[in-house]
Amino acid sequence: MKKLLGIVVLGLLWCSVGIAEKYPKIKDPVKSISGSIKKLKIPGKVNLKDYKVKNPGSKIYIDVVKRRLELKGYKNNHRLCKPSKSYELFPSMPEIGGHKWKQEGASPIDFINFAEPMIEIVNKHTRGWLATGDAFYLDKMKEQILLWSKENSFNVLISDGYNKEWDSDFAYIDTLENVRQTLVGMLIAFDVLRQEKALTAEEDKIIYEWFEKTVAKTSIGTNDGSKDKMTPGNHTEASKARIYTLWSILSGDEKYFQAGLKFYGIALNVTRKDGSSSHEIRKQKGKSNRSKRGLLKMTQVVGGMVMIAEVFANQGYDLYSFETKKGVTVHKMIDFLITYLGYPDSGAKKKAYINPEIMETKRILKKTGINDNTLGWAHAYVKRFPNKETTKKLIKYYLEPYGWSRYIQNSGGFGIHMSCAYANINKIK
């Protein structure tokens with residue numbers, strides 16, 4: 001049996017080498033974010049080079065020690081964070097693709113992520129540590145990430161645009177979404193380990209070097225190999241920009257920091273005056289069926305922007321106040337989103353490009369899973385802006401009817417259990 005397994009592994013490695021030879025070149029992070037920022041007025045002109053990482057190394061989102069102390073002794077912290085001890089280490093995955101993973105019968109839109117256990121493992125460890133302070137979680141977190149680092153997990157990344165056997169004109173060929181959704185939790189876990197000073201210098205170096213090359217490789221995808229070009233500021237660009245922004249803090253690399261800002265600016269710039277994303281909110285049937293899924297996709301854009309703004313806020317920059325010449329801010333985008341998610345109670349109006357009656361709102365409001373099309377980011381926003389009108393709407397149409405923790409506990413697409421990290425514990429019943 002062991003001999004057979006060895007033959008299989010060698011075969012996979014040989015295949016990976018063959019694919020790697022045809023692999024697209026790694027792109028500069030700023031250039032890999034599609035579109036231009038030249039037209040953005042906020043007011044004044046944005047010069048990307050003026051934005052630098054002021055406090056590199058750790059503290060991406062939250063102060064881990066401070067939050068752990070807040071949760072200490074809170075009688076419902078297990079309900080809020082759902083800690084769960086996992087003893088098994090998940091093995092390394094040397095090769096990761098997009099929507100198809102070389103599975104028989106799969107199609108470009110199956111979106112099967114076989115790395116999902118990797119997300120859930122680090123998520124369990126992070127929220128377990130926050131809720132309990134039990135060293136078990138910190139030790140397992142370190143052991144797991146060191147395993148993936150030493151075994152060079154994600155050595156070969158395959159963009160679906162390069163899967164020629166499909167011969168498909170599917171418009172939204174994968175942007176390595178699976179690996180990005182998986183990496184985000186690992187980056188947060190690395191941040192936790194650093195904040196808690198749980199790594200030796202050698203261990204930190206091993207993990208850092210693995211992340212450095214893996215994050216760089218996620219620059220491929222988007223338009224690579226596909227017949228259709230992606231519109232700037234869309235939901236898949238949001239996932240890339242989040243990875244770049246998170247990594248910029250851990251690495252201190254300003255190009256990744258500026259790439260996150262570039263996406264944020266573009267996303268604002270391609271938004272209509274009423275706060276609706278012009279690419280995601282539109283009438284279309286067929287491949288993407290935006291007529292029904294527009295809010296689902298816009299949620300990913302807005303969520304990406306909020307979490308990027310949170311990272312920048314920790315570095316002393318206020319992206320929340322950015323406003324275009326059309327008067328668009330992320331607040332206006334959130335207002336549009338939650339108003340239409342709150343239909344019919346909110347009185348959202350039918351427009352030429354959106355019909356609130358047919359939108360798949362429950363897929364967002366009741367979403368848990370690992371994806372970034374949840375409203376998990378609402379906790380971070382509500383905590384920062386407790387008295388805004390948009391916050392009142394988020395509470396009225398989402399947090400109160402669906403529960404302050406029930407549906408937003410595991411927001412894996414943002415890398416952390418959002419209610420565990422941000423929720424106002426006084427609101428949890």
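Buried means under 20% relative accessible area, exposed over 50%, and partly exposed in between, with a 1.4 Å probe and protein chains only. By that scale, K197 counts as exposed because its relative accessibility is 74%. The model is predicted: local features need pLDDT of at least 70, side-chain atom pairs count only at pLDDT 80 or more, and totals for chains, interfaces and linings use all residues. Residues are numbered from 1 along each chain as its sequence is written, and side-chain values use heavy atoms, with hydrogens and water left out.

**Whole chain**
- The chain has 16 helices and 2 strands. These are DSSP runs numbered from the N terminus: helices are H or I with at least four residues, strands E with at least two.
- Of the 429 residues, 60% are buried.
- Accessible surface comes to about 18,400 Å², and carbon and sulfur atoms hold 53% of it. The areas come from the Shrake-Rupley method with a 1.4 Å probe; for residues, only the protein chains shown count as cover.
- Among contacts with a separation of 6 or more, 79% join residues 24 or more positions apart. Contact means heavy atoms within 4.5 Å.

**Helix 5 against helix 7**
- Two packed helices are described by the angle and the distance between their axes.
- The axes of helix 5 (residues 116-132) and helix 7 (residues 177-195) come within 9 Å and cross at roughly 30°. Axes are lines fitted to C-alpha atoms, for helices over the stretch in contact; angles run from 0 to 180 degrees between N-to-C directions.
- Angles under 35 degrees count as roughly parallel, over 145 as roughly antiparallel, 65 to 115 as roughly perpendicular, and the rest as oblique.
- Their crossing is left-handed. That term applies if the near helix is turned anticlockwise from the far one by less than a right angle; clockwise is right-handed.
- Helix 5 contributes M118, I119, V122, T126 and W129, which meet Q181, T182, G185, M186, A189 and V192 of helix 7.
- By class, this contact of helix 5 with helix 7 has 7 nonpolar, 4 polar and no charged residues. Nonpolar covers Ala, Val, Leu, Ile, Met, Phe, Trp, Tyr, Cys and Pro; charged covers Asp, Glu, Lys and Arg; the others, Gly among them, are polar.

**Helix 7 against helix 8**
- The axes of helix 7 and helix 8 come within 12 Å and cross at roughly 155°.
- Helix 7 and helix 8 are therefore roughly antiparallel, and their crossing is left-handed.
- L183, M186, L187, F190 and R194 of helix 7 touch D204, I207, Y208, W210, F211 and T214 of helix 8.
- The residues of this contact divide into 8 nonpolar, 1 polar and 2 charged.

**L138 in helix 6**
- L138 lies in helix 6 and is buried, with a relative accessible area of 10%.
- Beyond its neighbours within four places in sequence, L138 contacts W129, V192, L193, E196 and A198.
- L138 and A198 are 60 residues apart in sequence, yet 7.5 Å apart C-alpha to C-alpha.

**Backbone exceptions**
- Most residues other than glycine have a negative phi, and most peptide bonds are trans.
- F154 has a positive phi, near 60°. F154 sits in the loop between helix 6 (135-150) and strand 2 (156-157), and is buried at 0% relative accessibility.
- K197 also has a positive phi, near 55°, in the loop between helix 7 and helix 8 (201-217).
- Y343 and P344 are joined by a cis peptide bond, with omega about 5°. P344 falls in the loop between helix 12 (330-341) and helix 13 (362-365).
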